[in-house]
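Dear colleague,

I am handing over a structure that will be new to you, and I would be glad if you could look through it alongside the notes in this email.

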Amino acid sequence: MSDGTQKKTRACASIGREGSIQIRVRYQETDQMGVVYHGNYFTYFEMGRTELLREATGVSYRQVEEHETKMVVVKAECNYIHPARYDDLLTLKTRVARITIASIEHEHELYRDGELLATGRIRLATVDSTGKIVPVPKWIRDLTTPES
């Protein structure tokens with residue numbers, strides 16, 4: 001690993017803000033076999049991101065948008081390890097992995113009774129109301145970076 005990459009990795013690791021929510025799998029989120037439909041994992045990840053923002057900053061996504069900044073998904077990944085099923089009580093851990101000038105990346109881990117079911121990584125770009133890429137507002141960067 002080059003020195004530049006090492007510095008970048010250390011900077012990313014310093015973001016580290018993490019939150020956790022519980023999700024009860026609802027019937028409509030599953031297929032006929034009672035297994036969570038694969039697309040619903042992204043809904044769970046979104047739930048984790050919105051609650052992490054609220055918990056870390058005291059600000060909701062609605063309030064961010066009222067400041068004329070939108071956060072749009074530009075990359076979404078999910079690794080499915082074990083299926084979640086109807087009525088499972090899941091724990092979703094969400095962590096801010098990286099913040100750049102115009103994007104925020106989150107990592108997600110979804111568990112059932114301590115067993116890792118899925119992991120995900122979502123990159124959000126910040127845009128204005130016309131869709132033009134804009135910097136992540138300083139007040140968001142400041143509030144999502146852990147205190148020293």
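This is a predicted model: local features need pLDDT of at least 70, side-chain atom pairs count only at pLDDT 80 or more; totals for chains, interfaces and linings use all residues.

Residues are numbered from 1 along each chain as its sequence is written, and side-chain values use heavy atoms, with hydrogens and water left out.

Thr126 belongs to strand β5, residues 115-127 (strands are DSSP runs of E of at least two residues, helices runs of H or I of at least four, both numbered from the N terminus). With a relative accessible area of 1%, Thr126 is buried (buried is under 20%, exposed over 50%, partly exposed in between, with a 1.4 Å probe and protein chains only). A polar atom of the Thr126 side chain lies 2.5 Å from the backbone oxygen of Val134, and the side chain of Thr126 also reaches the backbone nitrogen of Val136 at 3.4 Å.

Turning to the rings, the structure holds four aromatic pairs (ring centres of Phe, Tyr or Trp, the last by its six-membered ring, within 6.5 Å; planes under 30 degrees apart are stacked, over 60 edge-to-face, the rest tilted). Tyr27 and Tyr86 form an edge-to-face pair, at 5.5 Å centre to centre and 90 degrees between the planes. Tyr27 lies in the loop between β1 and α2 and Tyr86 in the loop between β2 and β3, so the pair ties together parts that are 59 residues apart in sequence.

Best regards

Note on methods
A polar contact is a pair of N or O atoms within 3.5 Å; within protein, one must be able to donate a hydrogen and the other to accept it, and residues adjacent in sequence count only if both atoms are side-chain atoms.
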